[in-house]
Structures are given as C-alpha cells and as structure tokens.
Amino acid sequence: MSTRRALLAVAGAALALTTTAACGSSGSSGSGAGQPAGAVSHKRIELITGVKSDPFYITMTCAAQAEAKAKGLDFTADGSAQWDVSVQRPLIDSVGAAHPDGLMISPVDTEALTPSLRQIQSGGTKIALVDTSVTDPSVGITRISSDNEKGGQVAADALAQQMGQKGSVIVISVKPGISTTDARIKGFTEEMGKYPNIKVLPTLYDNDLPATAASQIQSTLAAHPDLGGVFAGNTNTGQGVATGLQQAGKQGQVKVAAFDAEPDEITALRNGTLQVLVAQDPAAIGTEAVDQLAAAFEGKPVQASIGTTMVAITKDNLGDPQIAKYVYKASC
Ligand code: T6T
C-alpha cells in the first residue's frame, strides 16, 4: 500500500492529513494483461455528479474532462438539479440504457440507487464511484474520495481550539444516508468527545438548502445562548450558516468550521464569518477516476480505493500558493 501524505501548517498548528492510495486490482478490471495501444481511444465515459451546480462537482468535472481529452476518451457530464434520489435515478437509468464504457458517479444515497447501478455494471459498464459511494461492495471497480472521517476529526480539533475548548457546538449537514457527510459527522462527534467542556447538540439536517441552514442556526442561537461553535457539513450548509450568523449579528462570535472551499465560503472566511474550511481536492478525484477507468479499458490493474488529500484553510494560510489549488471553481 502506498501512502501519499500532505502535511500542511494551519495557524501555527501542523495538521497531518494523510491519504492512502490502496493498491489492489478489482477482479472486474480484466486479466491485467495489457491491451494493444490505443485500446482506450474513443471509449466513452459518462459522469453523473451529486448536484450539477455545486462548485465541488464543477471542479471535479473540469478536471475529469481535461484528463479524458488528454487520453483520447469521449466524455460527457451531467448531474442532479438537487440532492435527491428521485432526481438522480432517472439520470442514472438513461445513462445506463446508453451502455457507456465507463460511468463515474456520485450516488446521492448509499442504498436507494444500488439496484440501478448493479444493472448498469452487469451490462458491461465499468463504474467508478467518485466522492460518495454505496454500501454494496460489489458496485464499482474503484472508489475515490477524501478521507471524510478524518476530515471531520480535523474540523473538530480546529473548532475546539477556536472555541477555547468550551461551550455548545452543533452539527448541521445535508441529510442522513450520504456516505461522505455521514463519515464527517462520525469523525467530528467522536473527536469532540475528547473535549469534556464542549457539549455537542443533536445534529440538524438542511437538505442542502442554505436558507434552511440559516434559519436553523438562528433558532439554535435562541435555544442555546451559549452556542460557541458550528460544524457545517458541506458547501451549501457552510453558506447558510454564514448567512444565519450574519443575520443574527453573531458572525465571528460563534466559531464555524465548514467542509469545502467554494467561492462563497472563501469570502466568508475572509470576512471572519467562517473560521476554518476543510477543503477537498475534487480535481484529483475526477482525474484519478478517469485514469482508473482508462486502466480498466486497457485491461491493466485498477486501484480499488484511492484517498485524495484535504487541507484545513484559515485566514492565515489562505495566501499560501500551496493552499490556492484547493479553492473550488464555479466554472471551468
Ligand atoms: O462536500 C461535497 C461532497 O464531498 C459531498 O459528498 C456533498 O457535498 C459537496 O458536494 C459540497 O456541496
């Protein structure tokens, strides 16, 4: 097993965000004997993201598109209009009917879409699970994502420091049943258990709607005047929490650690409404997925799981060139 390690200093504290690229070939990638050169040219890859307008997935799509072009692969991308099984399933089924050579997908639920994905895989399409995944281990020849549980732990330690290791903290996330955000919450709440003077309130879910997160944070402030910190599980939640704190006049007083680093979150970090961003590397996720599918098309070994790097961004290290590459794009 090879390990890629990214060690980045954040506000004086070095945070080790390690990732592991688990080597190992999955059986469905073929014999391992190389195919003749050019075996991948004009193979077709389809990408279905969790939410098409989300800068995390836009950044992933841009990188995957560039890598596919460089390898002579045909590539098209689509995504749900919102984080909803009933919206993503028809997309999956229509892509499946076209029998692409490869499908990169971020399933919006760990269980509900598995029958559709199994059917597509049995039809010969090779599946790369990107960012989110499903419980069934038989789905996908590769799974590529951040170490989300580790990211939740990093957010907890950073937030505890920001809060002076005391007070109440609340987690607001998207909805239960999403592999990534569920792992973040697990990592965060378990790590927060190490701080006896911090009380973790029950988790709230905003269905990926910033307006809901904004009103949730205001009602939490009314019920818990000692609220000292918030963990926002993804981009839209981070945006909504920032808005809610500004509306309540509590920006900078209630500390926030948020996942992701899309432009609005960066603005909120600069103006002191958010204090820590745990940024992922969606471009690496997209690039690695194309590379693994191309390897599968050529009958070469495929890495069954790949962990990509994360970095904790604060106002202090935002100007570091090493950090800049982790800021998400709103367009290619
Ligand atoms: O946090 C990312 C992604 O990792 C997660 O699975 C869903 O939300 C985002 O896309 C950000 O909105």
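Predicted model: local features only at pLDDT ≥ 70, side-chain atom pairs only at ≥ 80, totals over all residues.
Colleague: Let's start with charges. Why are Arg44 and Glu46 called a salt bridge?

Modeller: Their closest N and O atoms are 2.4 Å apart. The cut-off is 4 Å, so the pair counts as a salt bridge. The structure holds nine salt bridges.

Colleague: How do you know whether Arg44 is buried, exposed or partly exposed?

Modeller: Arg44 has a relative accessible area of 27%. Buried means under 20% and exposed means over 50%, so a value in between is called partly exposed. Glu46, at 13% relative accessibility, counts as buried.

Colleague: And what makes Glu191 and Lys194 a salt bridge?

Modeller: The closest N and O atoms of Glu191 and Lys194 are 3.1 Å apart, and the limit is 4 Å. Glu191 is buried, with a relative accessible area of 10%, whereas Lys194 counts as exposed at 56%.

Colleague: Lys325 also forms a salt bridge with Asp281. What makes that pair a link between distant parts of the chain?

Modeller: Lys325 and Asp281 have their closest N and O atoms 3.6 Å apart. Lys325 sits in the segment after α10 (321–324), while Asp281 is in the loop between β13 (276–280) and α9 (282–297), and they are 44 residues apart. Lys325 counts as exposed at 55% relative accessibility, and Asp281 counts as buried at 8%. There is also a network: salt bridges with shared partners join Glu149, Lys186 and Glu190.

Colleague: On to Ser106. How do you know whether Ser106 is buried or exposed?

Modeller: The relative accessibility of Ser106 is 0%. Buried means under 20%, so that settles it. Ser106 lies in the loop between β5 (102–105) and α3 (114–122). Leaving aside neighbours within four places in sequence, Ser106 is in contact with several residues, including Ile48, Tyr57, Gln88 and Asp131. Ser106 and Ile48 are 58 residues apart in sequence, but their C-alpha atoms are 6.5 Å apart in space.

Colleague: What makes β3 and β4 a pair of strands?

Modeller: Six bridges join β3 (residues 44–49) to β4 (residues 74–79), and the strands run parallel. At least two bridges are needed, so these strands pair. Together with helix α1 (residues 55–70), β3 and β4 make a right-handed β-α-β unit.

Colleague: Now the rings. How many aromatic pairs are there, and why is the pair of Phe188 and Phe231 called stacked?

Modeller: The count is five aromatic pairs. For Phe188 and Phe231, the ring centres are 4.6 Å apart and the planes are at 10°. Phe188 lies in helix α5 (residues 179–192) and Phe231 in strand β11 (residues 227–232), so the pair ties together parts 43 residues apart in sequence. Both Phe188 and Phe231 are buried.

Colleague: Why is the pair of Phe231 and Phe259 called edge-to-face?

Modeller: The ring centres of Phe231 and Phe259 are 6.3 Å apart and their planes are at 65°. An angle over 60 degrees counts as edge-to-face, so that is the name. Phe231 in β11 and Phe259 in strand β12 (residues 255–259) are 28 residues apart.

Colleague: What makes you say Arg184 lies over the face of Phe259?

Modeller: Arg184 is at 3.9 Å from the ring centre of Phe259 and lies over its face. The distance limit is 6 Å.

Methods:
Residues numbered from 1 in each chain as written. Heavy atoms only, no water. Salt bridge = Lys/Arg side-chain N within 4 Å of Asp/Glu carboxyl O. Buried < 20%, exposed > 50% of the residue type's maximum accessible area, 1.4 Å probe, protein only. Helix = DSSP H or I, 4+ residues; strand = E, 2+ residues; numbered from the N terminus. Contact = heavy atoms within 4.5 Å. Right-handed = clockwise from strand over helix to strand, strands pointing away. Phe/Tyr/Trp six-rings, centres within 6.5 Å; stacked < 30°, edge-to-face > 60°. Lys NZ or Arg CZ within 6 Å of the ring centre and 35° of its normal.
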